Amino acid sequence: MAKTHVTMTVNGQTVEGLVESRTLLVHFLRETLSLTGTHIGCETSHCGACTVDLDGQSVKSCTMFAVQAEGANLLTIEGIAHPDGTLHALQEGFREMHGLQCGFCTPGMIVRAYRLLQENPNPTEAEIRMGISGNICRCTGYQNIVAAIQFAAARLNAPALQEQAA
Amino acid sequence: MNEMTPPTAAERTEKLQGMGCRRKRVEDVRFTQGRGNYVDDLKLPGMLYGDFVRSSYAHARIKSIDTSKAKAVPGVVAVLTAADLAPLKLHWMPTLAGDVQMVLADGKVLFQNQEIAFVVANDRYVAADAAELVEVEYEELAPLVDAFRAMDADAPVLREDLAGKTTGAHGARKHHNHIFEWAVGDREATDLAFRNAEVSIKELISYQRVHPAPLETCQCVASFDKIKGELTLWGTFQAPHVVRTVAAILSGIPEHKIHVIAPDIGGGFGTKVGVYPGYVCSVVASIVTGKPVKWVEDRIENLSATSFARDYHMTTEIAATKAGKVTGLRVHVLADHGAFDACADPSKWPAGFFNIVTGSYDFPTAHCVVDGVYTNKAPGGVAYRCSFRVTEAAYCIERGMDILAQKLGMDPAELRLKNFIRREQFPYQSALGWEYDSGDYATAMRQALEKTGYAALRAEQRTQQDAFKRGETRELMGIGVAFFTEIVGAGPSKNCDILGIAMFDSCEIRIHPTGAAITRMGTKSQGQGHETTYAQIIATEIGIPADDIMVEEGNTDTAPYGLGTYGSRSTPVAGAAIATAARKIKAKAQMIAAYLLEVHHDDVEFDIDRFRVKGLPEKFKTMKEIAWAAYNAVPPGLEPGLEAVSYYDPPNMTYPFGAYICVMDIDADTGVAKTRKFYALDDCGTRINPLIIEGQVHGGLTEAFGIAMGQEITYDEIGNVKGASFMDYFLPTAVETPHWETDFTVTPSPHHPIGAKGVGESPNVGGVPAFSNAVNDAFAFLGNTHIQMPHDAWRVWTAAQKLGA
């Protein structure tokens, strides 16, 4: 099958590759780029294990073609930690609050929560629950995921609050 | 603090991060960074991909299979059918339940989406393309979908391979679609109890076919090295050693040349215990092609062909006195196993431990019969987050007790309190043959009633029912009470084996010279956090910080033989193996310490992280010092080194229990049921890590919520599986999922080295009846006795309509 050349930015790096027009974005990430943190759970965009951040939106990479991401700016779980290797507040929060068990949904869940907190830095519990409703977790019952996102929100908002106080 | 001040006992204990503390999980460091290592992440040079051609029909004869067009697709390396597997005798395989199962369709198909051919190509897209080009010519046969018609005289013959066989793996077969009859208890005494009963109830309580649906499907990579004659098999295996033994038996490859590796697993819930056709085909394909072959099941395949659970139809009868004392239990189960009996139960238990169905109550007599039948549905079933058939049993008795309470006009909590096995009766011999090790049911129940304000809830419910009758509200309130007793930790070799291998489990601990350690286990975590909790047990037992202990599972070359993780057996069995291995090390450490301290070994005692001279606490050797000495200064006559292996054969099962209370508000006009409150009290004996226990309870309750309120794998009248995708199959999201309140009591197991009982499955076992009882309770005042699960809005609304609500 004829191949198409694609170029995009993934976790701050320009990447390129030859893909079939039908190659799914998730397969391009996992198999061409070896970024295996993004998972596949259902192939029908219901479970959210494949969630990546694409041009500032949460996207399910199992139901998008790689060619559709031409020129896009992507963030995957591998790009969530800070460049110096320290963990993002969400990553800390998920560990602190026991927001994961088998870990399979976790990358998609964290990448989704990352965008949620960009959109709404101070979400209520109900807003968090609605905000992650496109991501299914079979292990945790969500309660600790909500707590993990609240932990991260508080951590991320702390400098802003300190500035206000000063 | 002065740097010279020695740490206090409390500080030393805290540093260990041992049992009882809320230790953060070590697994999370990799999982939160996308650095897990799951099967599909594996990429080997030259790796090929397998994909299945599956049956369009539920029941059909296969007239022909034409693979020529598929084989002509560039990139396709092989297309396997039963004809290719037959010379190797691998077109059928044994199941754990003593049945046999087709690997690839042999002459006929018996359920929709059954595996017919395995296409192997150099790319997963090409494999999928080519699978579409395999042409299968079918002759349709009459499908058998309704388990209640399976043993009709004119029911179609499903298993032609069993023609003339009047005996199966579990005794006599009374019909061509009959698998087994399993009877337990005293029939005559039970019949007598019913003849003499002042009050009795009888209800058909069905537990629908559901699917565990872990987020990661079943998958494997098989790599056969022709030169060495060695097979390496990576896969989603809850029981990797059993897979190795099965692979050796099936393939003829010597077991020492088979390397089975279970890397990180994305949830199992019972799905990943058995051996599936995809594994066998991948192994054969790798042997045939000489290349590694990866098989990754897609979600529709997973839901429609792999490992359903439940499908038990339980006719439940309870006899009692007018005063509400139970006098007898009689249950008949019609068990729908689908096309092959692929139950993942211990060999001698065709209905698992369903005979825990007397529950938490002191039944003087009981009798139970389970009839297993074949239908044209996917084979199974697995123990979905429960010990074998325990969740079916708990649902049966807990619904039954509610129905009895209603008939007696008693409060369901009061009826339970009246009939509990009392604390002083333990160890308790149940009417159906188990010896319950320990329990304190009344204390747990009373704590639950008090913490939830149960009496006030009932008062509120009565007020609301009155308002409903006056037409002032259309909302109904349901209060679900469930009290469960589980039986987990399979199991003692006297009655538990898998394919003849006793269900012990194992642990190897090696203490390195610097005092760090590695432990290798026969179990395999799928999210339970073994790497965290197992280290906590060792930390407390031998005084090495948990952070200095690496826990390794899933590699059959390095780990001692174990039976794997399912049926909440890891803590009861492997946890005990850890403690016993640790105690062997501790005993040797005591000898070394005494030698170093120049005293008799009876004159030293263990103290948190050291051995000290009795009466002279300032004279001690830390475990770190002892570890170093183990490699250079052991007492004469003692071998160097500090390691131990333990294979633990449990003397009994463990019996966790709990009291769950659920409050629901149900809209009679829409059938929508909202969970207002869910309280879960669990008694799992000694608590190793409360953080992880709470997480397990949250997760299990959420699965219970899914099962009770919406999950069902359904078939149409000709056996087409309906709803086998996440579009239709209900998995709760964060929005529907209730808030969970957890609580506990602690009744340690008297026979377990650390008193632990296991907890991972309790919430699924107790949660389902709590939800279902809440829904049924909401309608009880209108004359409802039992509404079948799942309680989705449509079914609840339909039931409400029938009751004139």
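**Close-up views of a predicted model**

**View 1. Helices H10 and H18 of chain B cross at roughly 25°.** The axes of H10(B) (residues 390-408) and H18(B) (residues 762-780) come within 9 Å. Helices are DSSP runs of H or I with at least four residues, strands are runs of E with at least two, and both are numbered from the N terminus. Axes are lines fitted to C-alpha atoms, for helices over the stretch in contact, and angles run from 0 to 180 degrees between N-to-C directions. H10(B) and H18(B) are therefore roughly parallel to each other (angles under 35 degrees count as such). Their crossing is right-handed (the near helix is turned clockwise from the far one by less than a right angle).

This is a predicted model: local features need pLDDT of at least 70, side-chain atom pairs count only at pLDDT 80 or more, and totals for chains, interfaces and linings use all residues. Residues are numbered from 1 along each chain as its sequence is written, while chains are lettered from A and ligands numbered from 1 in the order in which they are written.

**View 2. Residues of H10(B) meet residues of H18(B).** Contact here means C-beta atoms, placed from the backbone, within 7 Å. On H10(B), the residues include Val390(B), Tyr395(B) and Arg399(B). On H18(B), they include Val768(B), Pro769(B) and Asp777(B). The residues of this contact divide into seven nonpolar, seven polar and four charged. Ala, Val, Leu, Ile, Met, Phe, Trp, Tyr, Cys and Pro count as nonpolar, Asp, Glu, Lys and Arg as charged, and the others, Gly among them, as polar.

**View 3. Seven strands of chain B form an open sheet.** The order is S3-S7-S1-S16-S13-S14-S15, with mixed pairing. Strands pair if DSSP finds at least two bridges between them. The edge strands are S3(B) (76-80) and S15(B) (258-261), each pairing on one side only. The twist averages 20° from one strand to the next.

**View 4. Strands S13 and S14 of chain B run antiparallel.** Six bridges join S13(B) (residues 219-225) to S14(B) (residues 230-235). Cys220(B) stands opposite Gly235(B) in S14(B).

**View 5. Helices H5 and H7 of chain B lie across strands.** H5(B) (residues 124-133) lies across S1, S3 and S7 of chain B, at about 25° to S1(B). H7(B) (residues 240-251) lies across S14 and S15 of chain B, at about 150° to S15(B).

Conventions:
Parallel < 35°, antiparallel > 145°, perpendicular 65-115°, else oblique. Contact = placed C-beta atoms within 7 Å.
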